[in-house]
Amino acid sequence: MARSMLYPLIFQPVFRRYLWGGRRLESVLGKKIGEGNDYAESWEIVDRGADQSVVLHGKLAGSTLNDLVTEYAVELFGKQHPWKQFPLLFKFLDANRSLSVQVHPDDAQAARLDPPDLGKTEAWFVLESQPGSNVYAGLRPGVDREMLARKIANGETESCLHQFQPRVGDCIFIPAGTVHALGEGLLVAEIQQASDTTFRLYDWDRRDADGRSRQLHIQESLEIADYESGPVGPQTPLPTDNAARVRLVTCDKFVLERWSLSESGTIPAVDSCHLLAILSGSLEIEHDSVPTPLGAGQTMVIPASCVGTRFTPLQPTVLLDIWLP
Ligand SMILES: [Zn+2]
């Protein structure tokens, strides 16, 4: 193969401001945000219509992620993935209030929508949790469609939801169809399919300043909710062949590992790009003898063609590594 045009890529984050946001994207993750207490999400890696990650450095500076997908699909994704759009979206979320209770379709269900979309399977990694912060994940045992419909109608949706107080470092895996909500006080990293389809079944009876409540999608939610899987708890980290890495999620949409690094090494070749998100510490990523420093709160895409990329921790460093199976 000709020498690759691609190199390890850093993108400009895309911020989303919502009522439930806060300041932790700056205070914990070091993002340069403006004034205001409503910074809710930092979209680190996105290729979805007008929402685009833009390369910050090097000869591809200014290119969107979709430009790269269009021009360099094989270099970026490896040989087995002819993606036309980057299939994952990675973000940080600062939830200062509980988010709505929602559910997402799977790929087959989403393909039947107008317009068609991807399904959405997602996973959260908890960066901060406050006393009383809850995760809502899955239905309680015995909740079937009929019961869920009745409880929603009676204003008792919460009684159907499995909930627990997560700890920092917990990973919660939410396959499509799992009823879920992020509770007040959580700061998380989230990896998800790049889908835009959310069905809301409960919004905590909230109203906005004008007295309006947000639209719910109760019939759609009842239709696609998974009544079989039951309560969802934190994932059990599994050992890998490398003591520095543990496996948090294996599914057909993404693989998620947590690395705890104190020694240098080489990014594993997996015939996929890697998405690295630094949670604490700092390291240098070296490709073609060019070192790039990366610190906590930063995210990088390492194209599949950049086999042999080296990393050197500058201090003990924890990061998430995500790739396409
Ligand atoms: Zn969701």
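Author: In this text, strands are DSSP runs of E with at least two residues, helices are runs of H or I with at least four, and both are numbered from the N terminus. The model is predicted.

Reader: Where is Ser289 found?

Author: Ser289 is in the loop between E21 and E22.

Reader: What is said of the phi of Ser289?

Author: Phi of Ser289 is positive, about 65°, although the residue is not a glycine.

Reader: What makes Asp288 exposed?

Author: Asp288 has 11 other C-beta atoms within 10 Å. The cut-off for exposed is 12 or fewer, so Asp288 is exposed. Asp288 also lies in the loop between E21 and E22, and its phi, near 50°, is a positive value in a residue other than glycine. The hairpin formed by E21 and E22 has two residues between the strands.

Reader: How do you know that E21 and E22 pair?

Author: Two strands pair when DSSP finds at least two bridges between them. Six bridges join strand E21, residues 282-287, to E22, and the two run antiparallel. The pair is therefore over the cut-off of at least two bridges. Glu284 stands opposite Pro293 in E22.

Reader: What makes E21 and E24 a pair?

Author: Four bridges join E21 and E24 in the antiparallel sense, and at least two are needed. Glu286 stands opposite Arg310 in E24.

Reader: How many bridges join E19 to E24?

Author: Two bridges join E19 to strand E24, residues 310-313, and the strands run antiparallel. Since the rule asks for at least two, E19 and E24 pair as well. Thr266 stands opposite Arg310 in E24.

Reader: In what order do the four strands form an open sheet?

Author: The order is E19-E24-E21-E22, with antiparallel pairing. Strand E19 (265-266) and strand E22 (290-295) are at the edges, because each has a single partner strand, and one side of each is left without a neighbour in the sheet.

Reader: Which six strands form an open sheet?

Author: Their order is E16-E17-E18-E25-E20-E23, and the pairing is antiparallel. The edges are strand E16 (238-239) and strand E23 (299-302); each has a single partner strand, so one side of each lacks a neighbour in the sheet. Within this sheet, five bridges join strand E17 (residues 245-250) to strand E18 (residues 255-261), again antiparallel. Arg245 stands opposite Trp259 in E18.

Reader: Why is Tyr39 called buried?

Author: A residue is buried if 20 or more other C-beta atoms lie within 10 Å of its own. Tyr39 has 23, so Tyr39 is buried. Tyr39 is in strand E3, residues 39-45.

Reader: Which residues does Tyr39 touch, not counting residues up to four places away in sequence?

Author: They are Phe15, Arg17, Gly21, Gly22, Arg23, Leu25, Ile33 and Asp94. The C-alpha atoms of Tyr39 and Gly22 are 5.0 Å apart, although 17 residues separate them along the chain.

Reader: Which residues have the most contacts inside the largest nonpolar core?

Author: Ile45, Leu88 and Val188 do; the core has 86 residues. Strand E7 (residues 88-95) gives the largest share of this core, six residues. Leaving aside neighbours within four places in sequence, the contacts of Ile45 include Phe11, Leu65, Phe86, Leu88, Phe90, Leu275 and Val301. In soluble globular proteins, nonpolar side chains tend to be buried together.

Reader: What makes the protein as compact as a globular protein of that length?

Author: The protein has six helices and 25 strands. Its radius of gyration is 20 Å, close to the 20 Å that the globule rule gives for 325 residues, so the protein is as compact as a globular protein of that length. The C-alpha trace spans about 65 × 45 × 40 Å along its principal axes. Of the 325 residues, 42% count as buried. Among contacts between residues at least 6 apart in sequence, 74% join residues at least 24 apart.

Reader: What is the omega of the peptide bond from Asp114 to Pro115?

Author: Omega is near 0°, and the bond is cis. Pro115 lies in the loop between helix H4 (107-111) and strand E9 (122-128).

Methods: Residues numbered from 1 in each chain as written. Predicted model: local features only at pLDDT ≥ 70, side-chain atom pairs only at ≥ 80, totals over all residues. Contact = placed C-beta atoms within 7 Å. Rg over C-alpha atoms; globule rule 2.2 N^0.38 Å. Core = buried A, V, L, I, M, F, W, Y, C linked by C-beta atoms within 7 Å.
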